[in-house]
Amino acid sequence: MIRIRDLQFRYEHSDFSLLVPRWEVSPGARLAMIGPSGCGKTTLLSLIAGILVPGSGSIVVDDHELVSLSDAARRHLRVRSIGLVFQEFELLEHLNVLDNILLPCRISGALRLDRSMRQRAERLADQVGIRDKLRRYVRRLSQGERQRVAICRALLTTPRLLLCDEPTGNLDTKNKQHVLDILDEYVGQTQATLVTVTHDHEILDRFDQVLDFSQFHVGSDEAL
Amino acid sequence: MSDIAYLAWRYLAYHRIKTLVLIAAVTLIVYLPIGLNLLIGRSAVELMARAESTPLLIGARGSRLELVLNSLYFESDAPDTLRFEELDRVEQTGWGYGIPLDTRFRTVNSPIVGTTLDYFEFRDLQLAEGRLMGMLGECVLGATAARDARVGPGGHVISAPQAFLDIGGVYPLKMQVVGVLQPTGTPDDRAVFVDINTSWTIQGLAHGHQDLSTAESPDDVLDVDRDRIIASAAVVQYNEVTPENVADFHFHGDPATFPLTAIIVQPHDRRSGVLLEGRYLDEESLVQIVAPAEILTDLLRTVFAVGGYVTLGVMMVGAATLATVGLVFLLSLQLRRREIETMRKIGGDRARIATVLILEVATVLTTGVLLAAVLAILTSWASATFTRALVLLS
């Protein structure tokens with residue numbers, strides 16, 4: 001569950017600002033956010049993930065008030081409960097597929113890389129059809145395969161909230177449907193909440209709710 | 001392996017070319033000044049050890065350094081010669097005894113050192129096999145000379161012609177090897193030792209041919225009068241001394257005037273040495289006396305000064321290279337900002353991410369320094385052999 005109240009955010013050294021008076025996403029919802037480029041969709045995802053901290057207001061994710069959490073606590077919440085999928089995949093080229101999937105365990109002190117985690121990584125890779133590529137470097141994968149690796153990484157800790165920033169933006173039609181099927185299947189199995197930013201209106205019918213971002217105030221400091 | 005170390009290792013292994021170049025740069029930066037100083041230091045020790053064990057040298061007036069380098073290390077061009085009678089003069093003073101040296105000749109690979117048996121005792125040279133030379137035309141090989149020539153007692157070595165187009169020159173002398181010395185790690189290892197008389201024979205001051213007074217072939221004699229026999233060109237000179245023909249070898253001229261390149265002088269005591277040195281102070285004299293240790297000290301002072309400048313230069317280049325290496329790391333960090341940001345976004349601890357990056361740099365630096373240390377240890381270990389090969393025997 002996500003609950004936002006009177007959220008205000010602005011970047012330093014920029015006149016970009018975001019105002020969200022009131023917004024809620026219920027548990028298990030499949031929400032797509034649409035809106036023009038630069039309107040703050042990715043910024044809102046980063047705020048929900050605890051990567052950015054609002055200037056004022058409240059963000060509650062799974063009963064955790066992010067604003068009152070320390071930086072370390074937000075990181076721990078993120079790595080345990082929130083899965084992130086990016087448009088550019090954001091994989092580390094010097095790691096192979098398996099190491100990329102397991103990266104959250106290696107880079108966060110909140111997780112422990114044990115046998116069960118490895119087995120889960122292999123199982124996820126099996127489910128998305130890249131089991132035979134676990135030892136390959138990611139530069140040798142297709143775009144669709146890379147996004148599947150990124151999804152496996154996001155799902156490694158069985159997150160209750162999945163935040164996807166244009167996950168199909170760089171994919172062809174076939175891979176696009178494949179990735180959405182994977183996300184649908186995961187959400188269906190775990191009742192996790194899915195929030196996806198997209199520009200692709202063809203995929204909106206795959207979501208329960210569509211949020212037009214223009215309802216939130218985005219503009220200059222003066223407007224705030 | 002910890003997760004952090006694993007991530008650092010994976011990055012370095014993936015970018016292995018860059019990693020190896022950086023490690024090589026660090027290794028060279030650290031090793032070069034150390035290795036250079038080790039080699040110079042060791043060279044100095046090697047050179048000085050030989051010089052200090054040779055109290056005084058007498059030679060023809062000329063380059064003192066050339067006299068020392070030629071007499072001690074059998075290197076550089078042979079100095080001008082002095083007369084054999086100088087040896088008698090030294091010994092007549094009663095202040096010391098001398099060992100003659102004639103180093104003007106070579107085999108293909110090795111210097112030929114004409115001397116006396118005293119030289120072996122003076123340098124404490126021990127036989128590995130065979131015996132010392134006892135007859136004209138016999139030679140004893142240093143360990144390296146024997147190995148290079150692949151010859152031992154019973155074999156032969158041949159003196160090299162002095163000049164390729166010297167059609168009037170003497171024939172090369174075929175010398176019988178009668179002994180091989182134990183290795184000493186000094187220039188003696190590469191030398192072919194012969195008796196001083198054999199050295200003069202190589203020069204042509206002595207030669208051997210059949211006895212013309214009893215020649216069976218009348219074609220060998222052009223003319224005979226009361227005092228002399230004029231041989232024809234048909235008389236072939238011996239190019240090897242054997243027990244059968246050794247009696248036919250004879251010298252022409254006064255042995256007192258025969259040439260030496262140097263005389264090693266061992267004074268009986270310090271006072272005798274000073275007195276001997278004083279005897280050769282006359283600048284008009286055609287002969288000079290030198291203390292090799294003093295000459296080498298002067299030479300090494302110059303070498304150390306040059307070495308100091310070279311070390312300074314290497315360190316300046318090293319500093320510039322280190323700055324470049326640092327720049328490479330900084331640029332690498334710039335290029336990896338997105339990767340670092342990704343790790344942070346997916347929940348990476350700042351401290352762990354920083355540790356991964358620091359570990360990468362530390363691994364490169366540590367590996368470079370360790371390799372440099374290994375090279376320095378190897379250099380120190382092998383420097384004696386190395387400097388002998390490079391400095392003394394090159």
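**View 1. The interface of chain A and chain B.** In this predicted model, 25 residues of chain A are in contact with 22 residues of chain B. About 2,400 Å² is buried between chain A and chain B, and carbon and sulfur atoms give 55% of this area. On the side of chain A, the residues that lose the most area to chain B are His94(A), Arg106(A) and Ile107(A), which together make up 32% of what that side buries.

**View 2. Polar and charged pairs between chain A and chain B.** Four salt bridges are counted between the two chains. One of them joins Arg350(B) to Asp71(A), with the closest N and O atoms 3.7 Å apart. Twelve residue pairs, both members at pLDDT 80 or more, are in polar contact between chain A and chain B. The most is given by α4(A), with five residues. Sorted by class, the side of chain A that touches chain B has twelve nonpolar, three polar and ten charged residues.

**View 3. Asp349(B) at the contact with chain A.** Asp349(B) is placed in the loop between α10 (337-345) and α11 of chain B. The residue counts as buried because its relative accessible area, 13%, is under 20%. Apart from neighbours within four places in sequence, Asp349(B) is in contact with Arg75(A), Ile107(A), Ser108(A) and Gly109(A). Of these, Ile107(A) is also listed among the residues of chain A that lose the most area to chain B.

**View 4. Domain 1 and domain 2 of chain B.** Chain B is divided into domain 1 (3-47 + 299-392) and domain 2 (56-205 + 253-290). Their C-alpha centres lie 48 Å apart. Five residues of domain 1 are in contact with five residues of domain 2. The area buried between these domains of chain B is about 460 Å², with 61% given by carbon and sulfur atoms. Zero salt bridges are found across this interface, and one residue pair, both at pLDDT 80 or more, is in polar contact. In domain 1 of chain B, α2 (16-52) and α11 (350-392) each supply at least two residues of the side that touches domain 2. By class, that side of domain 1 has three nonpolar, no polar and two charged residues.

View 5. Helix α3 of chain B spans residues 64-73, and its buried residues include Leu67(B), Val68(B), Asn70(B), Ser71(B), Leu72(B) and Tyr73(B). At the N-terminal end, Ser63(B) caps α3(B) through a side-chain oxygen that lies 3.5 Å from the backbone nitrogen of Leu65(B). Just after the helix, Phe74(B) takes a positive phi of about 55°.

**View 6. The surroundings of Phe122(B).** Phe122(B) is found in helix α5 of chain B, residues 118-122. With a relative accessible area of 14%, which is under the 20% limit, Phe122(B) is therefore classed as buried. When residues up to four places away in sequence are not counted, Phe122(B) touches Ser53(B), Thr54(B), Pro55(B), Tyr97(B), Ile99(B), Ile264(B) and Gln266(B). Ile40(B) is 82 residues from Phe122(B) in sequence, and the C-alpha atoms of the pair are 27 Å apart in space.

How values were computed:
Residues numbered from 1 in each chain as written. Chains lettered and ligands numbered in written order. Predicted model: local features only at pLDDT ≥ 70, side-chain atom pairs only at ≥ 80, totals over all residues. Heavy atoms only, no water. Contact = heavy atoms within 4.5 Å. Buried area = accessible area lost by both parts, 1.4 Å probe. Salt bridge = Lys/Arg side-chain N within 4 Å of Asp/Glu carboxyl O. Polar contact = N/O pair within 3.5 Å; in protein donor to acceptor, adjacent residues only side chain to side chain. Helix = DSSP H or I, 4+ residues; strand = E, 2+ residues; numbered from the N terminus. Nonpolar A, V, L, I, M, F, W, Y, C, P; charged D, E, K, R; others polar. Buried < 20%, exposed > 50% of the residue type's maximum accessible area, 1.4 Å probe, protein only. Domains from an automatic or database assignment.
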